[in-house]
Amino acid sequence: MNKKQMIEKTKDYVKNNMNNEEPGHDWWHVYRVWKMAKRIGREEKADTFVVEMAALLHDIADWKFHGVGAGAKKTRMWLESLGVEKNDADHIVEIIESIDFKGSAETQKMRTIEGKVVYDADKLDAIGAIGVARCFTFTGYKKRAIFNPKIKPKRKMKFREYKKSESPAINHFYEKLLLLKERMYTRTGKKLAEGRNKFMQQYLEQFFKEWNGVE
Ligand code: ADP
Ligand code: NI
């Protein structure tokens, strides 16, 4: 099987494996990340095969729904079944192990340009108009509040605390989404994050005006 066929097979595998997920982490999230990763990958001259495979597989078993480590394990098995070369397989698994946001106080380092490309594509999908939609989808799915003025956002969270956190939707902007723009790696990632971040700030401004009955 050549690399193009491996990507095609992986696309079908992921599509068929993600039809039961929460709508913020469904096939369409993966589709958007895949498309963006291809674009940024071209600009950064990254290895297309590793970028596309990691983008396609990065949420195959998210820790929030399947437990920590499940995604890497499932990815490893899939890559072995396809006969992906060991170097590439190790690289793809490494990206998937390091890509997830695990709390604002946790440092996250992507080692390779391919990892940085997929990371930026994934984080861009967490911000802007789609980011707003995904945040409310996730909190609705978890039956959490939209906003509660009595619960203040927590500025620095380690993974242990973040994992258990049941913050209202609006708090998530301060606990994660507004922080992402400073954590982008690539030129395109930074540029697009800038615009998407502005949109979220405008959104929050309007939200609080309405909350307070001003507008
Ligand atoms: P990442 O892909 O950065 O690891 P996640 O899978 O944790 O991120 O989250 C993706 C998106 O799902 C978030 O950007 C957000 O929209 C939503 N989400 C995840 N966790 C929460 C949360 N605790 N509260 C609100 N939204 C969340
Ligand atoms: Ni993702």
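An oxygen atom of ligand 1 is 2.8 Å from an N or O atom in the side chain of lysine 176, a polar contact (a pair of N or O atoms within 3.5 Å). Taken alone, ligand 1 exposes 550 Å², and the protein buries 97% of that (accessible areas by the Shrake-Rupley method with a 1.4 Å probe). Keep in mind that this is a predicted model, where local features need pLDDT of at least 70 and side-chain atom pairs count only at pLDDT 80 or more, while totals for chains, interfaces and linings use all residues. Residues are numbered from 1 along each chain as its sequence is written, and side-chain values use heavy atoms, with hydrogens and water left out.

**Around the ligand**

- Among the 18 residues around ligand 1, the nearest are His25, Lys64, Asp122, Lys123 and Lys176; a residue is near if one of its heavy atoms lies within 4 Å.
- By class, that shell holds six nonpolar, four polar and eight charged residues, with Asp, Glu, Lys and Arg counted as charged.
- Helix H8 (128–141) gives the most to the shell, with five residues, and helix H7 (113–124) supplies at least two.

- The side chain of aspartate 100 has an N or O atom 3.4 Å from an oxygen atom of ligand 1.

**The fold**

- The protein chain has eleven helices and zero strands; helices are DSSP runs (H or I) of at least four residues, and strands (E) of at least two.
- Along its principal axes, the C-alpha trace of the protein chain spans about 60 × 35 × 30 Å.

Technical notes: Chains are lettered from A and ligands numbered from 1 in the order in which they are written. A polar contact is a pair of N or O atoms within 3.5 Å; within protein, one must be able to donate a hydrogen and the other to accept it, and residues adjacent in sequence count only if both atoms are side-chain atoms.
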